[in-house]
Amino acid sequence: MSGPSLALVAGRTRVVVDPAAGGRLASWSVDGHELLLGADPSRSPIHWGCYPMVPWAGRVRDAVLTWDGAEVRLPHPFGDHALHGVGYLSAWSVVDQDVDRVRLRLDLPRSPAGEEGWPFGGVVEQEVTALEDGVALSMAVTADDRAMPVTVGWHPWFVRHLDGVEAVVRLQAGRMLERDAEGLPTHRWTSPSPEPWDDCFTDLAATPAVVWPGLGQVEVSSDLAHVVVFTEHPEGVCVEPQSGPPDELNHAVPRVVDAGETFACSATLRYSAASKAGLSIA
């Protein structure tokens, strides 16, 4: 059963997880500072909280991928392109929980051959743990009886304004994925451009962070090699760790999880106040 929202507590941190709303973080606060955009009637499921992107992350062009020589048509409820997978639109089951931790499970749907959907099935487990100064996230995707392409990640919506201070993104990346006129990747890498961004980066030289100058910052660390940064929304900014770039399922070398195998990854969001000793925030 997915059940109601769950509150996790650890020291200065309070995290609210909503299994029914895509297994997402509906709220994350440290020292009373709410750091995520919350649910609002004006916001679609894409635009709030922090949710897992699975079994694909970002856009898939025209909601179509080619696999084993056949076209697979993916669901695309928010436009012409498939967006962020199906996990954030699904109800997750609670496997177990404690005062500071919860483990969730999602059985990915297996659509009939030739119909729009995800034909591979698979199982996803996600763990959320409240930390003294943040939240730790982990995800594991296990294939069923056939190999499948997979790109995963997390999509946090950080508030643009925190106590009246506007956020900036601190990013040191060696490469940026080129986008075409539709905003979709060409799968050619180039040098990073100035903001505004709705772009995928790799070759990170430092941990990316959302900074509210003079107030605090959130560092977004992970064991994933890519990060998508979105700074074009008036209410929030996004720093999204991903296992691959958007439209990776149509890339020449997508990540493949073989039958019965598991791909696992993790990310950590940590908040530091500017007043903390030794912290320098411009």
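pLDDT is the predictor's confidence in each residue, on a scale from 0 to 100. The model on display is predicted, and its average pLDDT is 94, with 96% of the residues scoring at least 70.

**Stop 1: the part to set aside**

Colour the chain by confidence and select residues 277–282. Over this segment pLDDT stays under 50, and the model has 15 contacts for it beyond four places in sequence. Where pLDDT is low, predicted coordinates should not be read in detail.

**Stop 2: the largest nonpolar core**

Select Trp28, Phe158, Trp212 and Tyr271. Within the largest nonpolar core, which has 77 residues, these four touch the most other members. Next, show strand β27, residues 262–273, which gives the most to this core, with six residues. In soluble globular proteins, nonpolar side chains tend to be buried together.

Centre the view on Phe158 and display its surroundings. Beyond four places in sequence, the contacts of Phe158 include Trp28 and Trp212, together with Leu35, Leu36 and Leu269. Val210, Val218, Val220, Val237 and Val239 are also among the residues that Phe158 contacts, as are Glu235 and Gly236.

**Stop 3: Pro208 and Pro213**

Pro208 sits in the loop between β21 and β22, whereas Pro213 is in the loop that joins β22 (209–212) to β23 (216–222). Which of them is buried and which partly exposed? Pro208 has a relative accessible area of 5% and is therefore buried, the limit being under 20%. Pro213, at 32%, falls between the 20% and 50% limits and so counts as partly exposed.

Show the contacts of Pro208. Beyond four places in sequence, Pro208 touches Arg170, Leu171, Val218, Glu219, Val220 and Val239. For distance labels, draw C-alpha to C-alpha lines: Pro208 to Ala173 spans 8.9 Å across 35 residues of sequence, and Pro213 to Asp163 spans 11 Å across 50 residues.

**Stop 4: the largest pocket**

Rolling a probe the size of a water molecule over the atoms shows where empty space is left. The largest pocket holds about 320 Å³ of space. To find it, select Arg59, Leu83, His84, Asp198 and Phe230, which are the closest to its centre of the 20 lining residues. Then colour the strands β15 (153–159), β19 (173–179), β21 (198–204), β24 (226–230) and β25 (236–242), each of which supplies at least two lining residues. Of the contributing elements, β21 gives the most, with three residues. By class, the lining comprises nine nonpolar, six polar and five charged residues.

Stay with His84 for a moment. His84 is in the loop between β9 (82–83) and β10 (93–97). Its relative accessibility is 7%, under the 20% limit, so His84 counts as buried. Its phi is near 65°, a positive value in a residue other than glycine.

**Stop 5: further backbone features**

Most residues other than glycine have a negative phi, and most peptide bonds are trans. A further positive phi is found at His187, with a value of about 70°. His187 lies in strand β20 and is partly exposed, with a relative accessible area of 24%.

Now select the peptide bond from Val54 to Pro55, which is cis with omega near 5°. Pro55 is placed in the loop between β5 (50–53) and β6 (59–60). The bond from Glu195 to Pro196 is likewise cis, with omega near 5°, and Pro196 is in the loop between β20 (185–190) and β21.

**Stop 6: the second largest pocket**

Select Glu71, Val72, Ala113, Gly114 and Pro119, which lie nearest the centre of the second largest pocket among its 14 lining residues. The volume of this pocket is about 200 Å³. Strand β8, residues 70–73, gives the most to the lining, with four residues. How many residues of each class line this pocket? Six are nonpolar, two are polar and six are charged.

**Stop 7: Asp18**

Finish at Asp18, in strand β2 (residues 13–18). With a relative accessible area of 16%, Asp18 is buried. Beyond four places in sequence, Asp18 contacts Ser5, Gly23, Arg24 and Ala26. A C-alpha to C-alpha line from Asp18 to Tyr51 spans 9.7 Å, although 33 residues of sequence separate the two.

Terms used. Residues are numbered from 1 along each chain as its sequence is written. This is a predicted model: local features need pLDDT of at least 70, side-chain atom pairs count only at pLDDT 80 or more; totals for chains, interfaces and linings use all residues. Side-chain values use heavy atoms; hydrogens and water are left out. Buried means under 20% relative accessible area, exposed over 50%, partly exposed in between (1.4 Å probe, protein chains only). A nonpolar core is a set of buried Ala, Val, Leu, Ile, Met, Phe, Trp, Tyr and Cys residues joined through side-chain atoms within 4.5 Å. Contact means heavy atoms within 4.5 Å. On a 1 Å grid over the protein atoms alone, a cavity is a set of points where a 1.4 Å probe fits but cannot get out, and a pocket is an open set with protein on both sides within 12 Å along at least five of seven lines; lining residues have an atom within 4 Å of a point. Grid points are joined across faces, edges and corners, and a volume is the space filled by probe spheres set on the points. Ala, Val, Leu, Ile, Met, Phe, Trp, Tyr, Cys and Pro count as nonpolar, Asp, Glu, Lys and Arg as charged, and the others, Gly among them, as polar.
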